[in-house]
Amino acid sequence: MKKYIVLLFISLFGFAQQTPAPKQTKSILILGAKAHLGNGKVIENSMISIVDGKIAAIGDATIMKPGKHDIWIDASGKHVYPGFIAPNSTLGLVEIDAVRASDDESEIGEFNPHVRSIIAYNSESKLVETTRPNGVLLAQITPRGGRIPGTSSIVQLDAWTWEDATIKENDGIHLNWPRSYSRAGWWAEPGGIEMNKNYDPQVKAIQEYFDNAFAYLGSKNSKKDIPYEAMKGLQSGEKTLFINANGEKEIIDAVLFKKKNDIKKMVIVGGFYAFKVAPLLKENNVAVLLNRVHSLPLLEDQDVNLPYKNAKLLVDAGVLVGLQNAGDMERMQTRNLPFYAGTCAAWGLNKEQALQLITGNSAKILGIDNMYGTLESGKSATLFISEGDALDMKTNVISLAFIDGRQISLDSHHTELYQRYKGKFEQQKK
Amino acid sequence: MRYFSLVMVFFLSLTTQAQEYFPKNDGVKQSFKNFTAIQNATIYVSATQKIENATLLIKENKIIDVGTSVNIPKGAQIIDAKGKTIYPSFVELYSEFGINKPTPRPSGNFTPQYESSREGYYWNDHVKPEYNAYENLSYDTKAAGSLREAGFGTVLSHHSDGVIAGTGLLWTLNDFGSNADRMLKDKVSQHFTFNRSRFTKQTYPSSLMGSMALIRQVYHDAKWYGQGNASNKDLSLEAFNTNKNLIQIFNAGDKLNALRAAKIGNEFGVKYLIKGSGNEFESINEIKKTGATFIIPLNFPDAYDVSDPYLAQQVSLSDMKFWNQAPFNLKILAENNVPFVLSTADLKETKSFLSNLRKAVTYGLPKDKALLALTETPAKLVNQFDKVGSIAKGKLANFIIVSGDIFEDKSNILENWVQGNRNIIDKINPTDIRGTYDLTFDNHKFELKIEGETSKFEAKAVKDSVNFGTKIQFNDPWVNLVIKNQDTTKANFVRLSGTFVKDMMQGKAVLENGNETTWTATKRTTEVKEDKKKDDKKDEPKVPSMYAVTFPNISFGTAEKPKQETILIKNTTVWTGEKDGILKETDVLIQNGKIARIGKNLPSTGAKVVDGTGKHLTAGIIDEHSHIAISNGVNEGGQNSSAEVTIEDVVNSDDINIYRNLAGGVTSANLLHGSANPIGGRAAFIKLKWGYSPDEMLVNDAPKYIKFALGENVKQSNWGDFSRNRFPQSRMGVEQVYEDYFTRAIEYKNEWDAYKSGKGKNKVMPRFDIELEVIGEILAKKRFITCHSYVQSEINMLMKLAERYNFKIQTFTHILEGYKLADKMSAHGVAGSTFADWWAYKYEVNDAIPYNAAIMMNEGVQVSINSDDAEMSRRLNQEAAKTVKYGNVTEEEAWNFVTLNPAKILQVDNKVGSIKVGKDADVVLWSDSPLSIYTRAEKTLVDGIIFYDLEKEAETLALIQKERAELINLMLDAKNKGMKTQLPKKKENGHYHCDTLGEYCKESHYKYN
């Protein structure tokens, strides 16, 4: 029996957070949409079957025959995308930048691998719900500050608690690589750029820390060392090492560090100058989570559009690239993630390559590609339907979104206020 | 000078300096003063007149006569200066030499100080015209020596501290006298700077524009005070009025600051002597137009040490080019007849002055102009040409004796005479004892060879082809020799001491065993041949070619100032922004900077044709809220109102963000003061004419605006707990600040009206108050408010307040809760200029929603989308497109949010904002729909001039790379040659936001906008 559902928006008045969707018990068929798979491929007229929260089948609707489904969704003329992924994010760790009481993104101390972001992740943050209507459905919640800020975890963005949100706990350890040069003076009176005299000692300190941690992990110990304990998994590949570095020299040193320490999976976060050492990255299987695309060149002499072209330079060189958006107002900017990818497409990548930067590639980089990141059968039905091209602001209009097959609310603090005040003025005119 | 080791001092007339009428208790009075005649010299009596074979006759501190037929009195001391050149000694007009400067006391207290710490003086501690350098002297013989070695005899000293820094004195570098002798004039100059005093914490001024406003207000106040209108005592203003007749010296620095100083000068009829920085050549036309005389520090940048490629990358092309170009500055100033004097100011070491002077001359500064700039011009500027600046009868005996032409590298300054006192730097005719001698003592015969320089001899004693370690000291006529015993294991020496007279040395020898005997050394007649060929012309100085100055003189500047063209854009999609909507396959003709025709198949006669097929042509983006292109401070937060300051004073035409904005399709920007205080500063509306001067960018006939601000920033919520002493600290207080200022502005106007009408009791002229004048303009509806605002309560308050004062607010900017009271805004008639989707950065934006623009528009509010951010401003097309997503705004309306609507809000829509015949040709050609994420701005035109062309980017970047590579090679070469280098320095182009405080930008900005 074919049953077409009409999309229904339920506006919950009042100022509560959105209610997480219940487990999906019904099977769903999405028909006719242009499916952007997130792996570079497109199915112009697709058929997507969702059973038990997973993509049971996906294919060309002109060839495949639909089976029996509880819910049929006619999405012809529309687009389906895998849920976008926001790596290296502090969503849910800070609510309002200027309000210190709402800030839980960093700890004191230099080496804190044991500090876990996940337990501070506020699944009910108002910022979280504003990202979903733009297609961002997954995020890697990452601590900040110090040399090793701590351990991240990956969440889906529709949950009652952090526990429910977690899709991969303790996925990676984050490391802020020192800068090889430092600036004398202070921001008001900048002095010369000079070699960071402490660079070598700082790098050494990292090496020593890893040496000790691995020595600890490789031996029997009567006393438990909590931070070293947290370093477990870096050599086995269970955990990824995310190294924040932008300069050429720093990136080269980070790659050497990976090799020396047998780190199985290492990712460069930031990587402004990664394009200059792309062959080295490719050779060593090091992926890059690139700086926010919407940013200015670092130097006066640089190509005005270099930040827009950076992704293409790396992709062309065969490096696995994803986008992240750490920086000013990063939590509220999360919802602009699709437009960062769109801008990369404006400056050289094709649209499907650009899409990979926030879907398939990111899932690979984060190690969740077995379940997320692409529209492939067997993977989680974490996807959404957009009225148009979701990488373009004008047409990023999302009518339905699913996380693990659950149809989530696309309302937010913003849509509620919108309805409320639109209503106010309508009422006044009556 | 290069080899001098001793500075010898001749006590020629020790008693000269004791004042005649002073009592003498340490002996008897002596009054005989001898003449000194310096003969056979080449004398530059002035910069342009040279006398060969001349005699200079002096007595005491004066020149008695100079020329070729000077009568030399009997018994006069004679100095033979054959082959030497004598110049008038140099006059330095910009120095802090000999000023006793206390060390500023560091304060651990972070609480801002808003009030002055003084009583009886001006209200602002940074204004201190009452400071007199002559009362704070501490003559520094060491520094004086360095200055004399650089050729100076007379110095104007002052203390460069504070916006008005007090007076300077003119004195000589006379080590022999007291300050009574040295001082030529106790108060010769009054000094201005753009910088705060280091001795007070008073917050105001905290920006360049604040300093400028403060100086202006002082001029007004001083005039008013001088007319006797004040009821209080103000020692600062009294001093300022007294100092008016002195030479006014402005330490401006950078070329743009020089133009700013000149601008203030023009407003008050003052011709400043402007101290520049050495980059005047970059804006030579504007510099020339000021008509000012400049003090140019003879300071050139060292090459950067670029041996580390990662560090070298940080150095900007503009800084590298400046290294190449700076030595040509004086040549260019001279060619353009800009009057200047030269100074040691800003030099790390005074001793590099002469080598820099020679460098400037080698690079094309004519010698006579250099001499003028060091002697006559400065002397005349301080009205002391009767005493110094040339060599003439009756003038002070201040001159230098040089071994040759002072501009030649090999020349040394041998003597520097100050007020008749001889300071020997190098001997004029050093005794040359070099040669080979037969040395005999105690039956030993040695061959003694003396070599080396006349300032430092080296000796070698040889016996039977064996070298003996030998040390020599020569202090004419005394020779000391120490010869080491041949046996190297023993420390036995023969010491010889004797005198040198006519190629013969003799004296006493002390042998190893302590026995004394005599020794002689007779010079052999066969002389060593001099290797003359070596020096011949080999070291002719190479002058590198100068990298052409670009417009502006940084990366992406153009070789020629871009010019207007007649351009026909053919067959494109035109977003008119007018009722015609979007026209397909249409041509647009641009002529004389205007949009001349819109239509199909327009003739291309004479026009440059641009094929617009498949592309979109729109009006340029107008950013209603921008902080790019501003020099040294976007906020004057030193007080809760700063209506007296204006961004128009501080437009920075060299900001790379202008170019980056053009690359994003922005053609004009409203540069706003920040939001640090309820009444901020005045705004500047500019067109992004990259390569043009600040004045050319300003749109003079655009209506004038002022920034107001509400909420967290003005009540200093996020400034830390130590900032709790400025009113207002709550939204309640903000209203009262406005009540206060508007009330005062009304009363101020009434006072003036009454005074002008001549009626009533008001006979005393009211004080002219720039701040209240500006606020009065608002009340008179001649200036418009754009107000930083967030929450509905404060927005409502300001509208009601304005209504009480019978005017309307023109624009609320940010206005993130505008949607909550869009109806009231519409009724008031205020526009809303907002962000597309910003929120959550501070508490007051917790209810900010991206549907704001749509709701406001639907309620009839004029809406624009602005940036407040140098990054976002280059993507305002994307921000506009977001309103299509959030609130279903139509594409044409969305596009107008960044073009026609801001034009209307800024009341410049008669000129810009849409594509309409007769409007300015400020247009952008896009590769795609301007609202598409995939679009690129391909050409950006302002006033019919192409300022950005994507097609040419690759070429430009290749040129940047080429020039960088060339300059890096030149710098490496310089380093290899042993020239001094400096650490690579990254050019900091910070970005201002509403809350950026102080003069400088933070690199990592917190966007609490």
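How are α3(B) and α4(B) oriented to each other: roughly parallel or roughly perpendicular? Point 2 takes this up.

1. Basis. This is a predicted model, in which local features need pLDDT of at least 70 and side-chain atom pairs count only at pLDDT 80 or more, while totals for chains, interfaces and linings use all residues. Residues are numbered from 1 along each chain as its sequence is written, and chains are lettered from A and ligands numbered from 1 in the order in which they are written.

2. A helix pair in chain B. Helices here are DSSP runs of H or I with at least four residues, and strands are runs of E with at least two, numbered from the N terminus. Helix α3 (residues 208-226) and helix α4 (residues 235-243) of chain B pack at about 90°, and their axes are 9 Å apart. The axes are lines fitted to C-alpha atoms, for helices over the stretch in contact, with angles from 0 to 180 degrees between N-to-C directions. α3(B) and α4(B) are therefore roughly perpendicular to each other, a term that covers 65 to 115 degrees; under 35 is roughly parallel. From α3(B), Val218(B), Asp221(B), Ala222(B), Tyr225(B) and Gly226(B) meet Leu237(B), Phe240(B) and Asn241(B) of α4(B).

3. The contact between chains. In chain A, 49 residues are in contact with 62 residues of chain B, where contact means C-beta atoms, placed from the backbone, within 7 Å. Several elements of chain A each supply at least two residues to this side, among them β12 (181-186), β13 (189-195) and α5 (248-260). α12(A) gives the most, with seven residues.

4. An open sheet in chain B. Six strands lie in the order β35-β37-β38-β39-β40-β41 (chain B), with mixed pairing; two strands pair if DSSP finds at least two bridges between them. β35 (679-682) and β41 (863-865) of chain B are at the edges with a single partner strand each, so one side of each has no neighbour in the sheet. From one strand to the next the twist averages 25°. β35(B) pairs with β37 (residues 704-709) of chain B in the antiparallel sense over two bridges, and Arg682(B) is opposite Ile706(B) in β37(B).

5. A loop glycine. Gly829(B) sits in the loop between α18 (822-828) and β40 (831-834) of chain B. Gly829(B) counts as partly exposed because it has 13 C-beta neighbours inside 10 Å; that class lies between buried (20 or more) and exposed (12 or fewer). The C-alpha atoms of Gly829(B) and Ile809(B) are 7.8 Å apart, with the two residues 20 residues apart along the chain.

Methods: Two residues are in contact if their C-beta atoms, placed from the backbone, lie within 7 Å. Angles under 35 degrees count as roughly parallel, over 145 as roughly antiparallel, 65 to 115 as roughly perpendicular and the rest as oblique.
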